[in-house]
Amino acid sequence: MLNIRIDEQNEIQLGGRFDATQVEKAYEIFNQVQSSAIVNFKSLDYISSAGLGVLLKTQKRLKNQAQELVLKDLNKHIREIFKYAGFDMIFKII
Amino acid sequence: MKKYFKKNLKSLDRIFKFLDDFDRQVSLGNDTLRPIKISTEEVFTNFIKYNRDTENDILIELTREGASIIIRITDFDAEPFDPLSIPPYNESAKIEDRPVGGIGIHLLKKYMDDIRYEYTNKNSIITLIKHSGEHSAEHPHRRAK
């Protein structure tokens, strides 16, 4: 299950498993984002293409408004999937 | 090990548990198990997406042959769906040119050492092969007849 919330610093905190069953839940949060925001992956164990699709669609929407998602604290496995998908070229990763 | 799963997204939790049980039997290790989970999810969700008209359960069979893990996923009474026929995903494209779809099959090709597709007796069968303990991004995938 995906845990997702916007914390008091306005960071989007992700935790657990971001798979195809969690897309709707994720959009409920990501659709609220209207300006640049940090997404914290520290507690996220797993992401599949369904999760990547949510991030890509949100990034496309924000870039159209000259805003962006910045990704933080990706573990090595999640960094790898981002690299394989070429997402390291379209997201700033800190 | 083999098990049938209802053809809907709610089965994913049970599929992950099934893969964890297999891991406990054969000790895959996280570097092998994680790509197998991602790839199995991709095939399963594509079978749901491309064959909505049938409600037959999907069969997942897991075997280990030496250093190879073989994941065979069967969609019964289905229309053909060959993941290797999907146009390649351009991982270097600019964001405005990136489609949201197609990433899953791209990842499948990156993570698996071999992908085979068969369509026989109206059954769509995708076989994934992963060599345990190594990454497969440099390995070409092949299509079997």
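Of the 50 residues in the largest nonpolar core, Ala85(A) and Leu107(B) touch the most other members. A nonpolar core here is a set of buried Ala, Val, Leu, Ile, Met, Phe, Trp, Tyr and Cys residues joined through C-beta atoms within 7 Å; buried requires 20 or more other C-beta atoms within 10 Å of the residue's own, with C-beta atoms placed from the backbone. Helix 2 of chain B, residues 30–50, supplies the largest share of this core, 6 residues. Helices are DSSP runs of H or I, at least four residues, numbered from the N terminus.

This is a predicted model: local features need pLDDT of at least 70, side-chain atom pairs count only at pLDDT 80 or more, and totals for chains, interfaces and linings use all residues. Residues are numbered from 1 along each chain as its sequence is written, and chains are lettered from A and ligands numbered from 1 in the order in which they are written.

Let me turn to Ala85(A). Setting aside residues up to four places away in sequence, Ala85(A) touches Leu52(A), Glu91(B), Ile103(B), His106(B) and Leu107(B). Contact means C-beta atoms, placed from the backbone, within 7 Å.

Next, the contact between the chains. Chain A contributes 21 residues and chain B 19 residues. On the side of chain A that touches chain B, helix 2 of chain A gives the most, 9 residues. By class, that side of chain A has 10 nonpolar, 7 polar and 4 charged residues. Ala, Val, Leu, Ile, Met, Phe, Trp, Tyr, Cys and Pro count as nonpolar, Asp, Glu, Lys and Arg as charged, and the others, Gly among them, as polar.

Definitions and conventions. Buried ≥ 20, exposed ≤ 12 C-beta atoms within 10 Å, placed from the backbone. Helix = DSSP H or I, 4+ residues; strand = E, 2+ residues; numbered from the N terminus. Contact = placed C-beta atoms within 7 Å.
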